[in-house]
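Trainee: Pick one part of this model and take me through it closely, please. I'd like to see how it sits against the rest.

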Amino acid sequence: MTGGDLDWDGIARSFAMQAKACAKDNASPTSAAILNGCAGALAGAHPFKQILAGWHDHRPMAAVPLRVLGALHRLALDGAAPGLAALMPSAGGTANPERAWAAAEPAIAAHAPFIAAYLTRAPQTNEVGRSAMLLGGFLEIAATARLPLRLLEIGASAGLNLCWDRYRVRSDVFSWGDPAAPLALATEWHGPAPPLNAAVAVAAREACDRDPLDVTNPDDVRRMESYVWCDQLDRLRRLRTAVAIARQTPFSLDRADAGDWLARKLADPAPGAATVVFHSVMWQYMDAATQARIAGLIGAAGARATPAAPIAWLAMEPSDLKSYPTVTLTMWPGGDRRTLGTVHFHGAWARWGAGGGAVWNA
């Protein structure tokens, strides 16, 4: 598809919609201002359009605005765009949203090849706050199976959420985890607490990603940091703490297609453990055929499950761009699927138990 064939109005709307998400609750006004500037640039013959014209996937769920935002943040963090870094708190600057686009525009012009290359890789936030949202599901599995957990994460990025049991979760409703844990995840919890007395033991931590990041590689860690919104210093600090914990936690992370990888991992039962396939905010990056294949593999493994070798599928995924993620759990034997709650993308809050979903731009 050529640049002339693209739906530039639709692409501009996707930038404006992501800007709205960044602005909501004052989450990242600097990021919002940059994205709104990008949306405006697409209305005319702006050089920014040449960068986007070279990228083939402009589906809303491909998160192109987050890819662009990550590239610009990376330039600031690396010191390659000092004018932009001066307005980004994460890079040591002082936030000034009114001037953010004026600083971003020359950075886009000066670093077009770099930004174009950044578009080719899906956002790798590896948001560790999602561990607090998945915790309730893991506790439900542990309470039901009463077995150690064999963790299989797909789309794991660097594997930070494989270490969920090494973090402490705090809320007004409950606290869980080691009080001395180096990382405490604070969240607003609405609804009943999960089964906090469930005995948790992790027997194995395994994961795959088509483009995995290595927590021991500084360049990969910087890529993760680039996808944290520049005004959110707390998120950046907890990411860096989680990286330090992951470096001390044994796990395997394979470069592999999720379908091929699960076909191998689920081929044989694993008696004495509850096998847990889980993922968070990655489903949207796969095509429909891959999604169907993965669902079929998990369902087939579930059909073979026994009480001594149960299977669980735990997911934290949005149904569309306008909705917050829901946490769903399916367990076999049985195969009953439950919606456990609606949660914030970055772990700020959870609405647990019965109740409707939430729409972020309502």
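Mentor: Let's call a residue buried if its relative accessible area is under 20%, exposed if over 50%, and partly exposed in between (1.4 Å probe, protein chains only). Bear in mind that this is a predicted model, where local features need pLDDT of at least 70 and side-chain atom pairs count only at 80 or more, while totals for chains, interfaces and linings use all residues. Numbering runs from 1 along each chain as its sequence is written, and side-chain values use heavy atoms, without hydrogens or water.

My pick is helix H1, residues 8-23; helices here are DSSP runs of H or I with at least four residues, numbered from the N terminus. From first C-alpha to last, the 16 residues of H1 reach 22 Å, close to the expected 22 Å (1.5 Å times one less than the number of residues). Just past its end, Asp25 takes a positive phi of about 55°.

Now the inward side: Trp8, Gly10, Ile11, Ala12, Phe15, Gln18, Ala19, Ala21 and Cys22 are the buried residues of H1. They pack against H2 (29-41), H3 (48-53) and H4 (64-77), with contact meaning heavy atoms within 4.5 Å.

Terms used:
Helix = DSSP H or I, 4+ residues; strand = E, 2+ residues; numbered from the N terminus.
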